[in-house]
Amino acid sequence: MSVDNLHVHFKTAAGVVRAVEGLSFTVNRGEVVAVVGESGSGKSVTALAVMRLLPKRSAVVPQGRITFDGRNLLELSDEEMRQRRGRDISMIFQEPMTSLNPILPIGLQITEPLQIHLGMSDEQTKARAVELLRLVGIPDAERRLTQYPHQFSGGMRQRVMIAIGLACNPKLIIADEPTTALDVTIQAQILELMKDLSRRLNIALILITHNLGIVARYADRVIVMYAGRQAEQGAADAVFHRPRHPYTMGLLRSVPRLDRPRGVKLETIEGLPPNLATAPPGCRFAPRCPYRLPACDQDPPLIPTDTGGLSACIRAAEIASGAINWTSGMVAGSADAVAKDRAPLLAVRDLRKFFPVRTGLGGSKAVVRAVDGVSFDIYPGETLGLVGESGCGKTTVGRLILRLDEPTSGAIHFEGKDLLAASAGELKTLRRKIQVIFQDPYSSLNPRMTVGQIVAEPLHVHGIVADAGKRKARVAELISQVGLRPELAERYPHQLSGGQRQRVGIARALGMEPSFIVCDEAVSALDVSIQGQIINLLEDLQRAFGLAYLFIAHDLAIVRHISMRVVVMYLGHVMEIADRDTLYREPLHPYTKLLLDAAPIPDPTVEKARAPRLIQGELPSALAPPAGCVFHTRCPLASDECKAAVPPLREIRPKHFAACIKV
Amino acid sequence: MFRYVIQRLLLAIPTLIGVAVVSFFLLRVVPGDVVEVKLRGDGGNVSQETIEMERKRMGLDKPLMAQFGDWMIGLATLDLGKSMWTDRPVIEEIAIRLELSLQVAIMASLVAVIIAIPLGTLAALMRGTWVDYVVRLITIAGLSMPSFWLGMLIMLTLLGLFNWLPPITFTPFYVDPKANFTQLIWPAMAVGYRYSAVTARMVRSQLLEVMNEDYIRTARAKGVYEKLVITRHALRNALLPAITVLGLEFAFLIGGLVVTEQVFNLNGIGKLFVQSISRNDFTLIQGMVMMISGFYIIVNLAIDMLYAVFDPRIRYR
């Protein structure tokens, strides 16, 4: 398949949004081509344009050719295109939870394209469906065919989606962020499966993602998109090791990496992507580019690079010759040790939270053991990372510390005071010192309040700054402390970008002059280049105000970057606690080891050198956790002893705790 | 599933007791009683003794709590008592009318479904075109036009064009299906039209929402025929909420067609309701309130059961 000079426009109330401008690339059979870019870069729009599934009422393709098997897809009639969809070209979507029809059995959804495109009989389609489910690794295939999507986990549903995509032996599969909604361990399983199948069945695979680690591990060639245009394309090795566009260089540097010594500060790309409805001509990246020239006001041509790829930077040759080099602020990891001889700021002991679940009316009661015996300390000025897959109880721990939920048992001491025994009045004063930054910067700000009002509200409620005039000054000060321009105080949240909103959330928390902030997935909704900006801000504020953070996240690399010590959780239990460097260098617990293996590193050479050991199986239900060690069902070292008793968290080396009897 | 139905039916008992208490005492707040209306209503000169005697015969002289007790005991044995006006058992009085009301309700619901689903679907699929605007016009007219007025229009048309008037007496379906049908189709259409307007708007908005779902995009990406995308993938999901509207509206139709019954000269539950209220026929009113409440409960249960049939995610234990 080849795409030539593709343009896609969306008609909106704000004008014509040029979502894709002049994109060209080719994909061959058996090849994996990755399209990388941040949100709004036009990568999903490209995929939908190839499938001709763009919304008819707003999207237009004013220019371009999409050639597939010698025919221009854009010129086919709707019926001709329908015949190709599902048979020659399949697509796998981002959200496995909503991409399957909830009221139709899986079997029907898999056999549908077989009947429609290949005219198979019922027996033939059933046999093929069973074969497909086995191919994608779903056991007990025959029984599963009669089941409905809600009876499958997210990872299993994505396997079903892949089975549907493979049904008619297509020549091309487009996978749009196929694993973004899944956990790291499941992500690795799904992507290994897809790569293996595309090689074996000689299918061309277009992998759309924002995750550079995935690109490095699975792609043969890479297309980097920025603001609707391609910045660069080329072989994966070349793009990662010898990028020839400043945007690619910046992107690669702003991702925290598991395999590199931790820099003091993350490098970031300053500024924001342009608004595609109003952007002036010229290089889209120029306003954020440190090497821009006056000539960048002209639309840049795609020029061949020395590495055999293409770059949309007029200075690509200078980059190649080494005349331009990203100023590296990378300083080898300093051990910003925190004095541990001081008393802990927050001490959590044997914390448990069980959620009772009633099954049906008057039915039997079951208990979800969301948090089951968690203990740790956080010292003043320290960042403690809390990592784990979804459902491991990390967010519940955060909510318990904030006392948004009442723990079932256990103790939480903050500055030596018992948080659980505190009276309403004491709690109010304590709450000032414990603040929170939420994951979703879109829904955690009241849409009807201005930024100024949002930041001022807690100051007013807690009577910190009673005088209205002084409050206004304080709000302005807070807003500038988080790196926003003071005039933004008059704006409403919907007028801000994701990163700006997250800064507003931070300003609101800072206003209380806290000593401790719970950051619950505070950067996971943000794009890579914005993520780095927010993390640097959090670190600057920590140094300036001596804040302690509990940094809850699922991204191992980010946790490594920001944390001083790390707690690994699995199914409500703590698996391992250690200093950051120790944990990442010499993990003890088998779960931690496998988790680190499953996380892809944005470097093709490193990725090819290591053979990933996959965690097999799925996360067990928290309603019926395995007896003994909760990880034994997926652990490569598990023996009968592991099923007998819950392993205690032992100090195996100084300050390095693990809950495993095998280490 | 069976256990769940039993549970739901058992839970209906306290609800019905509540209804019984409220309807009994609310009626007693109204001044006057059936005996006065019956004996003195037409200005006749009846002695106080006769009235007292009649009251005694009906048990209206007993203390309020005793009357309530009698009625509740009757309810527990499924005996709704006798009408205070006609002396015939309440059950019998209701039963004669229920056949007609039930049939009108069923026919009106069918009319509504037949109009609403195609119209709503068409409007959603052709959103923003003239078809959509025409459908919206039709549904807004249906919502704003009282069904008795539409009924009168239908009657006048029938009279003017065919010189046809509805018969005074009701012919049951099993006696003469054709006569029965020609009598009831007009009120069913008048009511069904209004009721289809609500449902069509619901179908339209639900279908528009469902057409934006990810699984519709998946179906299209599989190369499924557009027709099949709509019937198999979209409509089945979009019609689920419409079941609720249809069911509740159906339960309402049983007792709620007071004016329409008047216009079409039908002797249904609605008419009986008005009559018994103007006669202060306490036992009959109470009986009808109980019947309609029971009906609502059963229809609600039926809706929930239908959901479980159509939506595999819902399972009752």
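Where is the place of D350(A)? D350(A) sits in strand β13 (residues 346–358) of chain A. This is a predicted model, in which local features need pLDDT of at least 70, side-chain atom pairs count only at pLDDT 80 or more, and totals for chains, interfaces and linings use all residues. Residues are numbered from 1 along each chain as its sequence is written, while chains are lettered from A and ligands numbered from 1 in the order in which they are written.

**Chain A overall**

- Chain A has 22 helices and 24 strands. Helices (H or I, at least four residues) and strands (E, at least two) are DSSP runs, numbered from the N terminus.
- The radius of gyration of chain A is 26 Å, close to the 26 Å that the globule rule gives for 663 residues, so chain A is as compact as a globular protein of that length. The radius is taken over C-alpha atoms, and the rule is 2.2 Å times the number of residues to the power 0.38.
- The C-alpha trace of chain A spans about 75 × 65 × 50 Å along its principal axes.
- Of the 663 residues in chain A, 48% are buried. Buried means 20 or more other C-beta atoms within 10 Å of a residue's own, exposed means 12 or fewer, and partly exposed lies in between, with C-beta atoms placed from the backbone.
- Among contacts in chain A with a separation of 6 or more, 68% join residues 24 or more positions apart. A contact needs C-beta atoms, placed from the backbone, within 7 Å.

**Covered strands of chain A**

- Strand β6 (residues 89–92) is covered on both faces: I89(A) and M91(A) are buried on one side, S90(A) and I92(A) on the other.
- β6(A) pairs in the parallel sense with strand β7 (residues 172–176) of chain A, over 4 bridges. Pairing requires at least two DSSP bridges between the strands.
- L172(A) in β7(A) is the bridge partner of I89(A).
- Strand β18 (residues 434–437) is also covered on both faces, with I434(A) and V436(A) buried on one side and Q435(A) and I437(A) on the other.
- β18(A) runs parallel to its partner, strand β19 (residues 516–520) of chain A, over 4 bridges. I437(A) stands opposite C519(A) in β19(A).

**Positive phi in chain A**

- D350(A) is not a glycine, yet its phi is positive, near 50°. D350(A) counts as exposed because 12 C-beta neighbours lie inside 10 Å.
- K655(A), another residue other than glycine, has a positive phi near 60°. The loop between β23 (650–653) and β24 (656–658) of chain A holds K655(A). K655(A) is exposed, with 12 other C-beta atoms within 10 Å.

**Contact between chains A and B**

- Chain A gives 29 residues to the contact and chain B gives 20.
- α2 (78–84), β6 and α3 (106–118) of chain A each give two or more residues to the side that touches chain B. The largest share, 4 residues, comes from α3(A).

**Chain B**

- Chain B is divided into domain 1 (2–89) and domain 2 (91–310), with bounds from an automatic or database domain assignment.
- The centres of domain 1 and domain 2 of chain B, taken over C-alpha atoms, are 32 Å apart.
- In chain B, 24 residues of domain 1 are in contact with 18 residues of domain 2. α1(B) supplies the largest share of the domain 1 side, 10 residues.
- L78(B) follows α4(B) and has a positive phi, near 60°.

How values were computed. Contact = placed C-beta atoms within 7 Å.
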